[in-house]
Amino acid sequence: MTLALGLRAAIAALLLGLSAQSLAQSAPSAPPKQKPYTPSVGQAGKDVIWVPSPDQVVDRMLRMAQTTSRDTVVDLGSGDGKIVIAAAQRFGARAIGVEFNPDMVALSRANLRKAGVADRVEVVQGDFFAVDFSRATVLTLYLLPDLNIKLRPKILSLAPGTRVVSHSFDMQDWEPDELSLLDGKRAYFWIVPARVDGRWTLELMGDSPARIDIGFEQDFQKLRGYASLGVVLAGLRDARLRGTQIRFAYVDNEGLERAFTGRVNGARMEGEYRSGQGVKHRWRAVKR
Ligand SMILES: C[S@@+](CC[C@H](N)C(=O)[O-])C[C@H]1O[C@@H](n2cnc3c(N)ncnc32)[C@H](O)[C@@H]1O
């Protein structure tokens, strides 16, 4: 009995010893610690290298656009995510980054989690030429002159009133509405203009109602045009678009200036005009 017990204890001890040894042998060694991805300024990107916008420039870009919590900010080529993170953190906006480099996408996703804005910011992995960014109410760019021009038709087809800010680079003959300079760095600002090119019927309300043909020729936000006043085609003065807001004036056949301000909504526009005596009345116009 004592012998049997002693034998069992010895076998158990042997088994325990063996299994501890084999466990030690088969236990997976701890995975080698992965080095966090560290991008280097100037590294290659699909169409443009990565260089982060300085903090001050990011702040000015978002301030020029008068970004608020009602905005959706889209940054094309979002790099480490600093613009989209600032838009959410400092301005309360929703924001979407579009970045082609998967490592930068992973890094920016980690950055936005660290910044505590993951509920308001997403980063989409993709090519900014292929991604639909029509949800933007504010669009930010830090790309290259030729990329801005390639993107320009898509930008001009965004909802009128969308604000666009570009660090360093302009849009050639689409002149900026504003330019800010910071320590030698440039931030250009545009508002996507409504499309009003063509002929309209203008209806004047008030004490002397009338219908007048008007025509606009549009160069981005700049307007030229005429009002048809009987035999006279009266040139428009002070004609301008700011997103969906329009203004223009003409001098009528009595020599009085009629000045119009209003809002464009697709093929309609309406607003207020001032007759020669300064009295305000309503007007509206329909595209012909
Ligand atoms: C000059 S950096 C700007 C980064 C960031 N917007 C900022 O201002 O700090 C341009 C970024 O665009 C990315 N990029 C280049 N070509 C791209 C493409 N076709 N689609 C999406 N991202 C692209 C690059 O990887 C890089 O991160």
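## Salt bridges

A salt bridge is defined here as a side-chain nitrogen of Lys or Arg within 4 Å of a carboxyl oxygen of Asp or Glu. By this rule, 19 salt bridges are counted in a predicted model, for which local features need pLDDT of at least 70, side-chain atom pairs count only at pLDDT 80 or more, and totals for chains, interfaces and linings use all residues. Residues are numbered from 1 along each chain as its sequence is written, and side-chain values use heavy atoms, with hydrogens and water left out.

One of these salt bridges joins R152 to D173, with 2.7 Å between the closest N and O atoms. The pair links distant parts of the chain, 21 residues apart: R152 belongs to helix α5 (residues 145–156), whereas D173 lies in the loop between β5 (163–167) and β6 (178–182). Helices (H or I, at least four residues) and strands (E, at least two) are DSSP runs numbered from the N terminus.

## Ligand surroundings

## Polar contacts and burial

An N or O atom in the side chain of D47 is 2.7 Å from a ligand nitrogen. A polar backbone atom of F100 lies 3.2 Å from a nitrogen atom of the ligand. The protein buries 99% of the 600 Å² that the ligand exposes when taken alone (Shrake-Rupley method, 1.4 Å probe).

Technical notes:
Polar contact = N/O pair within 3.5 Å; in protein donor to acceptor, adjacent residues only side chain to side chain.
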